[in-house]
Every structure is written in structure tokens, then in C-alpha cells.
Amino acid sequence: MPFPPAYALVATDLDGTLLRRDDTVSPRSRAALRLAASAGARHLVVTGRPVPGVRELLARLGYEGLAVCGQGTQLYDAGAGRIVRAVTLDRELADAALGKIEAQVGPVFAAVDQDGADGRTLIEPGYRLPHASLPAQRTRHRDELWAAPVVKVLIRHPELGDDALAAAAQAVVGDLATVTHSGPGTVELQPYGIDKGAGIALAGEYLGVDPGTAIAFGDMPNDLPMFRSCGYGVAMANAHPLLRAAADEVTLSHEDDGVAVVLERVFGR
């Protein structure tokens, strides 16, 4: 039997953290995750992507554990292929939050991630996905975004940068929604009080693991709640300045096996 590891849980973001630019995990990172597993630590994927946008990727990676998806709105059992917990965003509140944001900064372009393992990403005219490879269906009018329950709303501004848009949204939405900045061109609204920290807490309950015993890896401000929930936070070299400032450690970039470098040191003793 392995000795109890220094960290019982390895929580990793995907984009900009564990994944390289081509959506693959390097052989070195795979080996480092196996090293952590051999020491008794569980791997937990914690991603902003909704289940439909990550399901096939997790299958390609051979990942069969729990995954926190959709900024904490979905807890997905990859091995069983089912969502075990989901929280949706009230569509009237979401529409009201968009109205407040637009009153502050002018018109924005919006998209939504629908609830469910087969939920669609709908984008209104003018919205441009930050990842061109992600599947999406274009609508003719914003009203069509609310045709089915959604887990989050994505917004873009024709002129404002991500940091400015996120700050403006946070200043006006109040308790209508939680605002996150999760990547280039990606400012999102999800149910109030739901974020990666809440998601990892729920996953910890299912796994019987205290998130305080987790080592977490991330690259964007949406990973801040995860860092606050976990025992040790590691930011990638390519991380947003806010996350680097909050991290216990900064490692190499996602292209340079930054996750593996830390796991090899922690679990290779």
C-alpha cells in the first residue's frame, strides 16, 4: 500500500494548464499524473468547459474520474458518462444581468452553454468563439439563447478588453450572477455563488477528500476560487497576473510541462 501522499488530490485546470495548445497532454505530464496516482493521490479535472465541450477530450485522455465542469456548475462522472450534479442559471436573471452590463458598457455579444451532457453552445449574431474548434450553433436573435436551461452565459465586447469587461460586469450584476474571466475572449456569468471553488468542494464531498489537502494548478482568474479552496496553488508561467500574484508557486508554462515539474518534485521524493 502507498503511504498517504502530501496532497490527496491533484486538481488541474485544462486550457492553458494541463493541455498544450493542440489540446493534448504531453507524455511527461501523463507520467507525472501516474506518479501522483501511485502515491495515492487522485486527479480531479476542474475546467470552465461544459460537459459537451470536454467529454470527448476526457475520453481521448483516458480520464475516468470526476470532473468539475462549466465553472463549477456541473459535476461529471467521466467513467460512467453521466452528470451527477448540475446547477442552472435562471434565464430571467441572466437576461437582467446582460441588461445591466449593457447599460454600463454598451452592447455586448452573448452566447450560452446549455445544461445537460448533450447541451449545445448557442451564439448570437456577432459573437466569436475564442476556440474555433469548439462546436456551436448560431442563433438569429438573443431571445433564442433562452430556449432551454443554461449553465452559463459568455459575453464579449467589441472594444473593451477582457479585464475591463469583467470588472465592469462584476460592478453591476450584484447577486444576479457570478462573473468570471476564464481565458482570452472569455468572460462568463454563472449562477450566483457558483465557481470552481464551489465545484471542487462538491467533488471533495463525493470523493471523501478534503479540498484543503489538494494541490491545484491553473492559469486564469477563474482559478482563484479553486486556489482559495485548496491547500496549495500553482500558477503557470503563462498565467494571468492576478493568479500569479495569488499563487503559492509559479511553475513553467503549459507548453513546458509546468504541471509535471511540480508533481515530479512533490511525489517523486
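In which loop does Ser26 lie? Ser26 sits in the loop between α1 (14-18) and α2. The model is predicted, with local features needing pLDDT of at least 70, side-chain atom pairs counting only at pLDDT 80 or more, and totals for chains, interfaces and linings using all residues. Residues are numbered from 1 along each chain as its sequence is written, and side-chain values use heavy atoms, leaving out hydrogens and water.

Ser26 counts as buried because its relative accessibility is 4% (buried means under 20% relative accessible area, with a 1.4 Å probe and protein chains only). Its side chain makes a polar contact of 2.4 Å with the side chain of Asp257 (a pair of N or O atoms within 3.5 Å; within protein, one must be able to donate a hydrogen and the other to accept it, and residues adjacent in sequence count only if both atoms are side-chain atoms).

Next come two helices. Helix α2 (residues 27-38) packs with helix α9 (residues 258-267) at an angle of about 30°, their axes 9 Å apart. α2 and α9 are therefore roughly parallel to each other (angles under 35 degrees). The contact (heavy atoms within 4.5 Å) involves Arg28, Ser29, Ala32, Leu33, Leu35 and Ala36 of α2, and Ala260, Val261, Leu263, Glu264 and Phe267 of α9.

Thr180 belongs to strand β10 (residues 178-183); helices (H or I, at least four residues) and strands (E, at least two) are DSSP runs, numbered from the N terminus. Thr180 is buried, because its relative accessibility is 7%. The side chains of Thr180 and Gln190 are joined by a polar contact of 3.4 Å.

Notes
Axes fitted to C-alpha atoms, helices over the stretch in contact; angles between N-to-C directions. Parallel < 35°, antiparallel > 145°, perpendicular 65-115°, else oblique. Buried < 20%, exposed > 50% of the residue type's maximum accessible area, 1.4 Å probe, protein only.
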